[in-house]
Amino acid sequence: MDETTPGTVRPGGRTARTRAAVRDATLAELARHGYQGLTVENVAERSGVHKTTLYRRWGGPDGLVVDALELAGEDDWRPPDTGTLAGDLAELAGQVHSTFTDPEQAAAPSAFVAAAFDSERAAAALRRFYADRHTRSAEVVARAVRRGELPAGTDGEALVRAVTAPLYFRLFVTREPLDEPLTAQAVAAALAAARAGVFTSAAGA
């Protein structure tokens with residue numbers, strides 16, 4: 001496997017440090033200029049990595065976005081464990097709310113979504129990132145089933161998607177403000193549906 005391919009390097013060493021520096025510079029440029037203003041030249045200047053290296057290893061702006069998303073997926077994030085499903089889902093929805101209502105925090109993830117509309121490579125990377133997040137988040141549902149809070153066979157990923165979908169709809173489709181009452185409503189609606197067995201494999205058959 002080619003060590004210079006983004007997303008395939010072994011941890012540690014100069015290659016990993018270079019990749020991290022480019023990732024940090026990419027995120028900073030996305031936060032400042034958005035995807036449309038992301039350039040290899042600006043990332044090179046900010047990261048201290050020569051632009052010829054960036055073009056050779058990342059190809060262009062969409063390659064920079066793809067690798068930033070791949071690195072984000074290599075983190076150690078874990079879903080909340082409050083002791084109840086309602087609490088866990090509220091925490092998950094609250095993380096989306098707090099991220100996207102803070103302009104500084106929202107800039108980079110919003111740019112990732114914008115990039116996905118312009119680049120199939122970025123779209124595929126974004127799908128992989130969220131698929132991984134949903135898989136990790138499904139643990140809150142598995143715990144709830146073990147506690148007897150939900151029917152056996154409840155699809156954890158489907159439930160997590162149902163909680164966050166109304167939030168992302170307002171953020172990226174209707175462009176309406178996202179507030180705490182709406183976030184709580186999304187959690188309550190998904191939770192009620194889950195308790196009624198809507199997300200069990202039998203219901204989807």
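I started with R133, which sits in helix 7 (helices are DSSP runs of H or I, at least four residues, and strands are E runs of at least two, numbered from the N terminus). This is a predicted model, where local features need pLDDT of at least 70, side-chain atom pairs count only at pLDDT 80 or more, and totals for chains, interfaces and linings use all residues. Residues are numbered from 1 along each chain as its sequence is written, and side-chain values use heavy atoms, with hydrogens and water left out.

Is R133 buried or exposed? R133 counts as buried because its relative accessibility is 15% (buried is under 20% relative accessible area, exposed over 50%, partly exposed in between, with a 1.4 Å probe and protein chains only). Setting aside neighbours within four places in sequence, I found R133 in contact with A72, D75 and W77 (contact means heavy atoms within 4.5 Å).

Next I checked helix 7 (residues 120–137) against helix 8 (residues 139–147): their axes come within 4 Å and cross at roughly 20 degrees. Axes here are lines fitted to C-alpha atoms, for helices over the stretch in contact, with angles from 0 to 180 degrees between N-to-C directions. The two helices are therefore roughly parallel to each other (angles under 35 degrees count as that). T135, R136 and S137 of helix 7 make the contact with E139, V140 and V141 of helix 8.

Last, the whole chain: I noted 11 helices and 0 strands. Of the 205 residues, 40% count as buried. The C-alpha trace spans about 55 × 40 × 30 Å along its principal axes.

Technical notes:
Angles under 35 degrees count as roughly parallel, over 145 as roughly antiparallel, 65 to 115 as roughly perpendicular and the rest as oblique.
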